[in-house]
Amino acid sequence: MSRSSSLHCWSPGNWWFFNPEVLGSSLELARHFALAQRRPCLIAETATSLSTCRLRGPAKVFIGAIKQAVPLATIPHAACQEALARLSPYFGNRYVDGTDTLSVGLGNCNAIYHVPPAVLNIKTVEDSAKLPQHTLVTPRIAEVINALDEERLSLAGSPWREDTQLLGVPRHGLRCHRRQPCGADRSRLRAPGLPQNPTR
């Protein structure tokens, strides 16, 4: 991002929404504002997108499910309710307070789950076989995914227990994320059209 060209059009009344983010997206943007000596706009982020969807052709998207509760965090943290209020007219109450950017960032499992099957099946992907993501996960690829998830968990807590905290951030393993959006109220965890298929 060029500080001079990208930030000059942003004012404190605007806002930036990373949906989904990668760990540190909001902090990096806030850093660029500071380096440009600009007051930052409201910055919001989520660890996952609101919908489970797939591109099916030009201007054609299949939406498999709309998640009922997606944690959201903001910089500054005190602006979380403002961001939720801005999103509510368009998405209802599907975005929920995600505590803080560290919790939301460490909850992002997208790279852990999506990248290994694609990279380790590169020929299948290049041949445009259009296979569903989960069919690309062999037992060996699952080992890679689990090892990456253990590393993610070790940043926030013990790699041996999913419910521990380090840095004050509760974390849950990838298997939990496959069952439910962690950190959300259980009463709002319905995923219309998708079967519940816990792996643990």
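## Walking through the model

Q: Which residues does His 77 touch, leaving out those up to four places away in sequence?
A: This is a predicted model, so read every value that follows as computed from it. With residues up to four places away in sequence set aside, the residues His 77 touches are Thr 99 and Asp 100.

Q: At what distance does the side chain of His 77 reach the backbone oxygen of Thr 99?
A: His 77 sits in the loop between S5 and H3, while Thr 99 lies in the loop between S6 and helix H4 (101–106). They are 22 residues apart along the chain, with their C-alpha atoms separated by 8.1 Å. The side chain of His 77 gets to the backbone oxygen of Thr 99 at 2.8 Å.

Q: Is His 77 buried, partly exposed or exposed?
A: Buried means under 20% relative accessible area and exposed means over 50%, with partly exposed in between. The relative accessible area of His 77 is 48%, so this residue is partly exposed.

Q: What is phi of Thr 99 near?
A: Most residues other than glycine have a negative phi. Thr 99 has a relative accessible area of 47%, which makes this residue partly exposed. Its phi is positive even though the residue is not glycine, with a value near 75 degrees.

Q: Where is Ala 59, the residue with phi near 55 degrees?
A: Ala 59 also has a positive phi without being glycine. At 88% relative accessibility, Ala 59 counts as exposed. Its place is in the loop between strand S3 (51–57) and strand S4 (60–66).

Q: Which kind of peptide bond, cis or trans, runs from Ile 75 to Pro 76?
A: Most peptide bonds are trans. Pro 76 is in the loop between S5 and H3. Omega from Ile 75 to Pro 76 is near 0 degrees, and the bond is cis.

Q: In which loop is Pro 20 found?
A: The peptide bond leading from Asn 19 into Pro 20 is cis, with omega near 0 degrees. As for the loop, Pro 20 is in the one between S1 and H2.

Q: Which element supplies the largest share of the largest nonpolar core?
A: That core has 11 residues in all, among them Leu 42, Leu 72, Ala 83 and Tyr 95. S2, S5 and H3 each supply at least two of its residues. The largest share, 4 residues, comes from H3.

Q: How many residues are in the second, separate core?
A: Phe 18, Ala 30, Ile 43 and Ile 75 are included in this second core. Its size is 7 residues.

Q: With which side chain does that of Ser 26 make a polar contact?
A: Ser 26 is found in helix H2 (residues 25–35), and at 1% relative accessibility it counts as buried. Beyond four places in sequence, Ser 26 touches several residues, including Phe 18, Ile 43 and Ile 75. The polar contact, at 2.7 Å, is with the side chain of Glu 45.

Q: What percentage of the residues of the protein count as buried?
A: The protein has 8 helices and 8 strands, and it exposes about 12,100 Å², with carbon and sulfur atoms supplying 57% of that. Of its 200 residues, the buried share is 34%.

Definitions and conventions:
Residues are numbered from 1 along each chain as its sequence is written. This is a predicted model: local features need pLDDT of at least 70, side-chain atom pairs count only at pLDDT 80 or more; totals for chains, interfaces and linings use all residues. Side-chain values use heavy atoms; hydrogens and water are left out. Buried means under 20% relative accessible area, exposed over 50%, partly exposed in between (1.4 Å probe, protein chains only). A polar contact is a pair of N or O atoms within 3.5 Å; within protein, one must be able to donate a hydrogen and the other to accept it, and residues adjacent in sequence count only if both atoms are side-chain atoms. Contact means heavy atoms within 4.5 Å. Accessible areas come from the Shrake-Rupley method with a 1.4 Å probe; for residues, only the protein chains shown count as cover. A nonpolar core is a set of buried Ala, Val, Leu, Ile, Met, Phe, Trp, Tyr and Cys residues joined through side-chain atoms within 4.5 Å.
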